[in-house]
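Please keep the structure below in view while reading.

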Amino acid sequence: MSRPAFGGGELPAVFPDWSPYVDLDAAARAYLRDPDVALEALGGVLAGAEVLAFTLERFVNEVNGVWQEVAVCDGSRMVLWHGEDVPPGDGPVGSMTSSLRVVPLSTVTEVGCRRRLTRTASGGIRVDSVDVYLLLSSQDETQPDEQIGPRHDALRFGKTLDDGGSGQIGRLEEFARVVASVVGRPLL
């Protein structure tokens, strides 16, 4: 099974697994549809900084096509790249957006990780999914609900057995632990 892709090619419905790759370049090239676009944008900001941890995401959206994301922690910042196909009619065929966001770790006020566990038939416990959030001190850009009031911005990441498998679940948990270990520490 495959779906149409940027540039008229075909994408497999199940993407390759990036979790075995400890190097950002190798993981991006194995998993992203547009690794050169992502790595060029990230490289311009990282400029040789050590990558402590990263996570990748990619899915096919029924309206826009491919949506891709890379989040990198270098010990002082979260550097996020996002690429997304432009909806039909919003630009020439094959158009996409590429955006970059840099979030200082000093603005991360909380790191949370929720694991969904299930018991196997043998009584063991298996991690079925993980959801990670990084709460930021900045306000959410969307219009706040008048009854709730303003909300803090957050970065959210998730993996399941169906979307990424156990390897990517483990890598996302590792990413959360690394970010949590540096948040709130004095920057040297």
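In this predicted model, helix 3 (residues 165-182) lies across strand 3, strand 4 and strand 5, and it runs at about 135 degrees to strand 3. The strands it crosses belong to an open sheet of 4 strands, whose order is 3-4-5-6 and whose pairing is antiparallel.

**Sheet**

- Strand 3 (53-61) and strand 6 (96-104) stand at the edges of the sheet, and because each has a single partner strand, one side of each is left without a neighbour in the sheet.
- From one strand to the next, the twist averages 10 degrees.
- Strand 3 and strand 4 (residues 65-73) run antiparallel and are joined by 9 bridges, and within this pair Glu57 stands opposite Glu69 in strand 4.
- As a general point, the strands of a sheet pair through backbone hydrogen bonds, in either a parallel or an antiparallel manner.

**Helix 2 against the sheet**

- Helix 2 (residues 35-46) lies across strand 4, strand 5 (77-85) and strand 6, with a direction at about 155 degrees to strand 5.

**Cysteines**

- The structure holds 0 disulfides, a disulfide being in general a covalent bond between the sulfur atoms of two cysteines.
- Cys73 counts as buried because its relative accessibility is 0%, whereas Cys113, with a relative accessible area of 42%, is partly exposed.

Definitions and conventions. Residues are numbered from 1 along each chain as its sequence is written. This is a predicted model: local features need pLDDT of at least 70, side-chain atom pairs count only at pLDDT 80 or more; totals for chains, interfaces and linings use all residues. Side-chain values use heavy atoms; hydrogens and water are left out. Two strands pair if DSSP finds at least two bridges between them. Helices (H or I, at least four residues) and strands (E, at least two) are DSSP runs, numbered from the N terminus. Axes are lines fitted to C-alpha atoms, for helices over the stretch in contact, and angles run from 0 to 180 degrees between N-to-C directions. Contact means heavy atoms within 4.5 Å. A disulfide is a pair of cysteine sulfur atoms within 2.5 Å. Buried means under 20% relative accessible area, exposed over 50%, partly exposed in between (1.4 Å probe, protein chains only).
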